[in-house]
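Colleague: Here is the model I wanted to go through with you. Could we start with how the helices pack and then turn to the cavities?

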Amino acid sequence: MDKKELQKVTRIIVMLGARMRKTIGGKWSFPLTNKPAEEKTNVLTVEVGGGESRMMAIQALYKEHLEKQETNENLLVLTTGGKEKSGDSRAHEAAKKLVEKYKLPKAIVGSIDSSPNTMGNASAFFEFMKENTDRLGKISEIEIVTNDFHALRGWVMFVFQNYKFSTGKNLKIKDGDIEKIRKILDDSLGEPDCNRARSKVIEIIKPYVKDLKLTIKPVIAEDVILSLDSGGKPRFKNGKAYVERIKKNKWVLKTRELENKGVMDLLTGQYGKKA
């Protein structure tokens, strides 16, 4: 993307990073689950990603964008992600796939390399914002696209980075609110999805960032896949079955506990610290 392409951007959609795997044909894919190259302690023996579903959601958002007759040049889709051991960029490969498979115009798609975790995605994105402030139009909201199981942690991390980007300070959540959030998350593990818990936690944290000019909006890939087009028809023929497979995947169910732990570690200042 050159400067001219960025000048009129008024809407930004960010795809959070996802794991890749080489197919038999040698191309990179973004599966729901992926066995890590190395076994590690205190983590699942299978990594949960969901990149393909996030790209499906972005394709639907782009089509919706066209249905509303908004101009393409005002929309910027950014992919984020770290690199594989081979040096291949997850962000670059996701951007490439959005253009080649999902038919987004190349001019509105960009990639941001980052460290291979969600906090790295957020940090790299706000560095991008800082470096391109004079080239972006008036933007009040950033849409982050990810999966239901990952959306709360993604939102919290982007909110924390947004606060630091906007104020130069670290966001601190009161102990009483942290304990409320802990209980909400503990109670949520038996629920069929993360919607209730996510909404409640967001409502607790929102007052802390209400004065920031930029807001973060979580966009749930599964919800977008299940949405209807302007004619009232499903955007994806087998969308319902596809989403059900994600929700009922045993590794997705197990990773929700780790996602909740990631949220709590960030809120309590333990994120990134060794046990």
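Modeller: The crossing of H5 and H10 is left-handed, that is, the near helix is turned anticlockwise from the far one by less than a right angle, clockwise being right-handed. This is a predicted model, where local features need pLDDT of at least 70, side-chain atom pairs count only at pLDDT 80 or more, and totals for chains, interfaces and linings use all residues. Residues are numbered from 1 along each chain as its sequence is written, and side-chain values use heavy atoms, without hydrogens and water.

Colleague: At what angle do H5 and H10 pack, and is the pair roughly parallel or oblique?

Modeller: Helices are DSSP runs (H or I, at least four residues) numbered from the N terminus. Axes are lines fitted to C-alpha atoms, for helices over the stretch in contact, with angles from 0 to 180 degrees between N-to-C directions. The H5 and H10 axes are 8 Å apart, at an angle of about 20 degrees. Angles under 35 degrees count as roughly parallel, over 145 as roughly antiparallel, 65 to 115 as roughly perpendicular and the rest as oblique, so H5 and H10 are roughly parallel.

Colleague: How do the residues of the contact of H5 with H10 divide by class?

Modeller: Contact means heavy atoms within 4.5 Å. Among the residues that meet are Phe 149 and Leu 152 in H5, and Val 252 and Arg 256 in H10. Ala, Val, Leu, Ile, Met, Phe, Trp, Tyr, Cys and Pro count as nonpolar, Asp, Glu, Lys and Arg as charged, and the others, Gly among them, as polar. The contact of H5 with H10 has nine nonpolar, three polar and three charged residues.

Colleague: Which helix gives the most to the lining of the largest cavity?

Modeller: A cavity is a set of points on a 1 Å grid over the protein atoms alone where a 1.4 Å probe fits but cannot get out, and lining residues have an atom within 4 Å of a point. Grid points are joined across faces, edges and corners, and a volume is the space filled by probe spheres set on the points. The largest cavity holds about 100 Å³, and its lining draws two or more residues from each of H5, H6, H7 and H10. With six residues, the most is given by H5.

Colleague: What is the volume of the second largest cavity?

Modeller: Its lining includes Phe 149, Cys 194 and Arg 256, and H5, H9 and H10 each supply at least two residues. The volume of the second largest cavity is about 60 Å³.

Terms used. 1 Å grid on protein atoms, 1.4 Å probe; cavity = no way out; pocket = protein on both sides within 12 Å on 5 of 7 lines; lining within 4 Å.
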